[in-house]
Amino acid sequence: MEKANADKYVQLEHVDMTFHTKKGTFNALKGINLNIKEGEFISIIGHSGCGKSTVLNLIAGLLQPSEGLLFCAGREIAGPGPERAVVFQNHSLLPWLTCFENVYLAVERVFSTETKAQLEARTHAAIELVGLSHSSDKRPNEISGGMKQRVGIARALAMEPKVLLLDEPFGALDALTRANLQDELMKIMAKSGCTAVMVTHDVDEAVLLSDRVVMMTNGPSATIGEILEVNLPRPRARLELAEDKEYNHLRSEVLRFLYERHAKKSA
Amino acid sequence: MTNTTVNKIMPTAKSFSLSSLNTQAYRFFRWVLPPIFGLFLLVVIWALISEKTPELPGPIKTWASAVELFSDPFYDHGINDKGVGWNILASLQRVGLGFGLAALIGIPLGFIIGRFEFISRMTAPVISLLRPVSPLAWLPIGLLVFKAANPAAIWVIFISAVWPMIINTAVGVGKVPQDYMNVAKVLNLSEWKIVTKILFPFVLPYMMTGVRLSIGVAWLVIVAAEMLTGGVGIGFWVWDEWNNLNVEHIIIAIFVVGIVGLLLELILTQIAKRFSYE
């Protein structure tokens with residue numbers, strides 16, 4: 001029983017998602033089935049508009065599926081909850097609060113029984129984890145894009161979530177900053193051991209970070225095309241992997257899926 | 001390549017400070033001259049018109065009268081004869097009260113309307129119906145209910161000032177980015193935290209726009225309201241001087257109303273700047 005639960009920590013069963021807009025109905029997702037193991041790092045990759053962010057929002061509880069069921073730790077996902085923290089694509093920090101206050105806002109709600117000193121200690125620890133202690137009293141518009149995203153990660157991690165949901169977390173960053181943050185995220189995830197689901201359109205990022213890469217077909221009615229197991233040993237080093245046969249094989253598998261079998265027409 | 005650029009820059013360096021001084025002076029004059037010219041033109045037109053119409057006092061006569069008037073702005077010769085300072089203060093007090101009440105009710109109401117679709121749709125027809133009504137039309141109702149001129153005037157100010165605050169606050173709340181609301185949902189924030197940590201800071205600039213528009217309208221309306229209610233106040237003073245046929249004082253009153261309105265607007269703009277989080 002325990003074992004079965006750990007293998008199906010996050011469960012998506014026959015999930016369909018249809019949006020009703022002014023222009024008519026749009027069937028975004030069709031028949032999504034996915035089981036995520038506890039402690040696993042999953043990437044969802046696909047062309048833009050394939051509904052990968054929708055999958056993430058469903059797990060986050062920000063959206064409700066039109067059909068099908070979602071579970072987290074054996075319980076149905078009925079809405080957002082502190083056990084599922086989200087790192088948003090555009091960091092979504094509140095510009096009128098300092099980095100510290102942004103993180104504190106999350107901590108305060110989750111650990112409402114603790115004293116102010118304990119909450120502040122948690123906040124400081126989370127900010128230190130992402131290496132931003134020196135900027136904790138700055139406002140978001142006073143720090144760089146990479147730093148903002150670090151605060152976004154700190155805010156999510158400070159909630160001590162069971163599942164970390166990342167929506168193209170490094171999409172808006174330059175290549176060097178992105179690589180740095182990827183390395184740090186790997187370290188942080190190894191330390192915390194929490195389950196992670198990341199939406200990305202970056203093939204290298206998906207293969208480097210993940211235990212499994214979920215590749216999605218193009219929308220409308222997008223679904224899971226293939227799931228690729230990444231059995232590279234951890235800790236993974238970016239430079240060594242660049243020469244690694246297995247890594248390059250996996251990488252080309254993903255590329256082949258995206259650009260041969262499910263190439264986006266007239267993108 | 002590098003050499004030629006250096007050579008190009010060096011000879012011009014000497015004349016640089018001079019030309020920059022010239023452009024600075026030029027900019028200053030271009031900035032300061034048009035308004036001065038505009039005011040000057042106003043006075044000239046006024047002087048020309050007063051030449052043709054002997055009843056209308058010219059700028060010089062009005063200036064002399066103003067100097068005399070403002071030499072003792074706070075005299076008090078009974079209820080119907082007070083210095084211009086008292087009149088201005090009385091009007092400001094009414095505007096302050098009416099405006100304060102309007103803010104007290106309009107801003108929270110704007111938040112509620114912006115936050116809840118049902119209430120927004122419920123209040124929409126009422127607001128659309130009542131907003132275009134001239135505030136003075138509410139004066140008889142005020143007189144009827146309050147049975148006194150002063151509260152009725154404050155009521156009129158309240159009615160005229162409340163709409164911009166309700167509407168701008170509600171619009172601001174409606175414009176809160178979905179991203180922030182998603183953060184609120186994911187962090188599972190309480191309604192109180194959503195209001196204080198997300199809605200209020202975001203809406204503040206919109207609210208301040210409403211406040212600025214409100215004070216402008218309130219100050220516009222006070223003159224007309226006081227003409228009808230009497231007592232002490234800049235509007236009543238205009239009416240009183242019209243009855244005395246003291247046209248200089250009416251013209252002075254027009255300038256006073258304009259200048260006070262301008263000052264109110266400036267003060268609120270400064271406050272709005274201080275509250276902006278950018």
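Here is a short walk through this structure, from the confidence scores to one helix and the core around it. Keep in mind that the model is predicted.

The model as a whole has an ipTM of 0.81 and a pTM of 0.75. In chain B, the mean pLDDT is 86, and 92% of the residues reach at least 70.

Now turn to chain A and find helix H2, which runs over residues 52-60. How many of its residues are buried? The count is 7 of 9, so the helix is mostly covered. The buried ones are Lys52(A), Thr54(A), Val55(A), Leu56(A), Leu58(A), Ile59(A) and Ala60(A). Just past the end of this helix, Gly61(A) adopts a positive phi of about 90 degrees.

Stay with Ile59(A) for a moment. Setting aside neighbours within four places in sequence, Ile59(A) contacts Val10(A), Leu12(A), Leu70(A), Ile77(A), Arg84(A), Leu165(A) and Val197(A). Ile59(A) also belongs to the largest nonpolar core, which has 151 residues. Within that core, the residues touching the most other members are Leu12(A), Leu29(A), Ile59(A), Leu164(A), Val197(A) and Val254(A). The biggest contribution to this core comes from helix H8 of chain B, residues 191-229, which supplies 16 residues.

Notes. Residues are numbered from 1 along each chain as its sequence is written. Chains are lettered from A and ligands numbered from 1 in the order in which they are written. This is a predicted model: local features need pLDDT of at least 70, side-chain atom pairs count only at pLDDT 80 or more; totals for chains, interfaces and linings use all residues. Side-chain values use heavy atoms; hydrogens and water are left out. Buried means under 20% relative accessible area, exposed over 50%, partly exposed in between (1.4 Å probe, protein chains only). Helices (H or I, at least four residues) and strands (E, at least two) are DSSP runs, numbered from the N terminus. A nonpolar core is a set of buried Ala, Val, Leu, Ile, Met, Phe, Trp, Tyr and Cys residues joined through side-chain atoms within 4.5 Å. Contact means heavy atoms within 4.5 Å. pLDDT is the predictor's confidence in each residue, from 0 to 100.
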